[in-house]
Structures are given as C-alpha cells and as structure tokens.
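My notes follow in the order I looked things up.

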Amino acid sequence: MTIIQANGASIPALGFGTYQLTGSLGTDMVATALNLGYRHIDTARMYENEAEVGKGVMTSGVPREEIFLTTKIWPSDFGHDDFLRSAKQSVKNLGTVPDLLLLHWPSKSIPLDETMAALAEAQQRGLTRFIGVSNFTIPLLRLATELSPIPLVNNQIEYHPYLSQDALLPFHRKLGIATTAHCPSARGKIMDEPVIREIAEAHGMNPIQVGLRWLIQQEGVAAIPRTSSEKNAKSNLKVLDFQLTDEEMRKISALRSTNYRICDFEFSPVWDAAA
Ligand SMILES: NC(=O)c1ccc[n+]([C@@H]2O[C@H](COP(=O)([O-])OP(=O)(O)OC[C@H]3O[C@@H](n4cnc5c(N)ncnc54)[C@H](OP(=O)(O)O)[C@@H]3O)[C@@H](O)[C@H]2O)c1
C-alpha cells in the first residue's frame, strides 16, 4: 500500500468511504474492506454511521494500530463547547480515538479562529491523533493554517477526472498536507467516459480502477471510493497493482476542464478558480 507522509501522519493512499453505508451494511462493509486489505476508513458525524463503522473496525480482527480512521465534525457544532462535545461523542460512537478529525465544511457563521482553537484542543485532549479540514479553498486553508497552533495533515476535497484542483494541490504540497479525494469516481460517472474506457481496456481494468489509479498516482493524493459491494471493493483495490503512463495521465487530466462538481451547496465557499 502506498503511504502518504503528511506532517507526521502516515495515510494509506487508498481508503474506503462510508457515506450512506448505514446500519449493518456499514459494519459489514467496513469489516469486509479491512479484511480485503484496506487500511484507511472515512466516516463523519453527518453520515450517522460512526457506531457501525467503529463496530466494523473492531469486528474485522485487523489490529487497530494498522488502521487509519477519519471522522469529521459538522459546521453546526463549530462553536468551542459544541465542537468538543461533538468530538467526544465521535470517540464514544466509534469506540476508539480517530486518527484524523476534520472540519467537514467551512462555516459561514462561526469564526474560524474559535473552531481552529477547538480543533487543536481536541487533539491536545486526546480526542484525535491528527487534525485537518475538508472542502477548504486556498484562502480558507491559508487562514486555517495560520490560526492552528499545530500542523494540519489533510484537506479532503472533491477530486476526480471531471474536476480540476490544479490551484489547490500545489498549495497542499507546499504546506506538507495530504489531499484526500472524495467522490473519486464522480459517483460512478466516469464509468461511461470514452477516454477512460479506452485506457481501461488497454490495461484490462475498468474505468473506475483507472480513475482511482489516476488520483493516487499524483503526489500526495489519497482516494476514498465508497462501495456497497464486496466485489467492487475488491476490484477497486486492484488500483495498487498497475501504473498509468505519463501520456495516459495527461489524457485523463485533460478531462478536468469539464469542471463538473457534485458537492456544491448553498453553504459551499467560493471555489478556487482552476490554475
Ligand atoms: N468531505 C466531504 O464533504 C465528502 C463528500 C462526499 C463524500 N465524501 C467521502 O468520500 C467517499 C466517496 O465519495 P462518494 O461515496 O460520494 O462517491 P464515489 O466513491 O465517487 O462513488 C460511489 C459510487 O460508486 C459506485 N462504485 C464504486 N466502486 C465501483 C466499481 N468498482 N464499479 C462500479 N461502481 C462502483 C458505488 O456503487 P456500488 O455501491 O454499487 O458499488 C457508488 O454508487 C464517501 O463515501 C465519503 O466517505 C466526503
């Protein structure tokens, strides 16, 4: 497994997303993924499955210290006291201290200095090993790093072959933080992409494997595909077994001008312009 080093954290480049994997499906898929070889699991308070994810981690039989577990706090809990209460609840739900605690989205109403102080305090109180953010733009990330008394290790952002993150990625590398790509297959949309299909055929792979490979072959980028099927979880792991040529990487990168963004809401920040 490729490991990304980010300000002291060692993050496996291929992870497993759990959005919408609730109830026993969440527990079963997390345990299945870990038994297949995944060592990085992503959840959030908002997914309402932390307890099931934690149960999957425990019942998998994989030693806890081999697993990199991420959760995220929702912006409605970004006030100092709410934040620490929420972080404590996450530990309780998961049944274990997460490796990484993220701010799920930037908040438009709660000042970032208050939240960054609470995030650092959560780490100092042993409620997480590392801290980071999600869906932060360059100006917000700059401010977050300035305000944080301890280094951030990650910005989890939407990233797939249909969306450029050319402006943000060099900034992440400059800060020494990892990029985690959410919606890495554009929720399955890349399956039908002719350019990716052609490359996939040349490698005897499917388009989702090629899209995931394109992500993790970039410096400092991790991907967290979600699937509700053991077959697809196994198939997605094969991205670790092949490489794309520079020309293939370029052809896929050219698709980013599509500028297709899935997670764009009224509470989203003003996104960075493509570089
Ligand atoms: N920070 C944030 O704001 C944020 C936002 C969105 C997501 N996330 C995180 O990122 C993770 C991934 O994003 P996502 O779940 O939204 O989207 P995604 O991983 O891009 O797409 C999930 C979809 O892809 C399909 N799929 C996966 N592997 C496949 C394969 N080999 N063949 C065919 N179809 C396949 C799944 O269907 P099947 O179930 O049928 O396989 C599912 O419908 C989430 O689960 C969550 O942990 C974070």
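**Pockets.** I started with the terms: on a 1 Å grid over the protein atoms alone, a pocket is an open set of points with protein on both sides within 12 Å along at least five of seven lines, a cavity is a set of points where a 1.4 Å probe fits but cannot get out, and lining residues have an atom within 4 Å of a point. Grid points are joined across faces, edges and corners, and a volume is the space filled by probe spheres set on the points.

Before using any of it I noted that this is a predicted model, where local features need pLDDT of at least 70 and side-chain atom pairs count only at pLDDT 80 or more, while totals for chains, interfaces and linings use all residues. Residues are numbered from 1 along each chain as its sequence is written, and side-chain values use heavy atoms, with hydrogens and water left out.

The second largest pocket holds about 170 Å³ of space. I count 13 lining residues there, with Glu65, Ile67, Phe68, Asp99 and Arg129 nearest its centre. Strand S2 (residues 9–12) gives the most to this lining, three residues; helices (H or I, at least four residues) and strands (E, at least two) are DSSP runs, numbered from the N terminus. By class I get six nonpolar, one polar and six charged residues. The classes put Ala, Val, Leu, Ile, Met, Phe, Trp, Tyr, Cys and Pro under nonpolar, Asp, Glu, Lys and Arg under charged, and the others, Gly among them, under polar.

The largest pocket comes to about 720 Å³. Its lining has 36 residues, and Tyr19, Cys183, Pro184, Arg187 and Arg226 lie nearest the centre. Helix H9 (residues 230–237) supplies the largest share, four residues.

**Cavity.** How many cavities of 30 Å³ or more does a search of the whole structure find? It finds one. The largest cavity has about 50 Å³ of space, and its lining includes Asn135, Phe136, Ile157, Leu168, Arg261 and Trp271. I sorted the lining into four nonpolar, three polar and three charged residues.

**Helix faces.** In helix H6 (residues 168–175) I find Leu168, Leu169, Phe171 and His172 buried, where buried means under 20% relative accessible area, exposed over 50% and partly exposed in between (1.4 Å probe, protein chains only). They cover an arc of only 160 degrees around the axis, so they sit on the same side of H6; the arc is that of the directions from the helix axis to the C-beta atoms. These buried residues pack against helix H5 (138–147) and strands S8 (154–158), S9 (178–182) and S10 (221–223). Contact here means heavy atoms within 4.5 Å. Just after H6, Gly176 takes a positive phi of about 80 degrees.

In H5 the buried residues I looked up are Ile138, Leu141 and Ala144. Their arc is only 125 degrees around the axis, which puts them on the same side of H5. Their cover includes H4, strand S7 (130–134), S8 and H6.

**Single residues.** Thr115 is in helix H4 (residues 112–124) and is buried, at a relative accessible area of 0%. A polar atom of its side chain lies 3.0 Å from the backbone oxygen of Phe78. That is within the polar contact limit (a pair of N or O atoms within 3.5 Å; within protein, one must be able to donate a hydrogen and the other to accept it, and residues adjacent in sequence count only if both atoms are side-chain atoms).

Arg39 sits in the loop between helix H1 (23–36) and strand S4 (40–42). Its side chain reaches the backbone oxygen of Leu34 at 2.8 Å. Arg39 and Ile67 are 28 residues apart in sequence, yet 4.7 Å apart in space, C-alpha to C-alpha.

His160, in the loop between S8 and H6, is buried at 0% relative accessibility. Leaving out residues up to four places away in sequence, His160 touches Cys183, Pro184 and Trp214, among others.

Is Cys183 buried or exposed? Cys183 counts as buried at 12% relative accessibility, and has a positive phi of about 50 degrees although it is not a glycine. Glu48 also has a positive phi, near 50 degrees, but counts as exposed at 67% relative accessibility.
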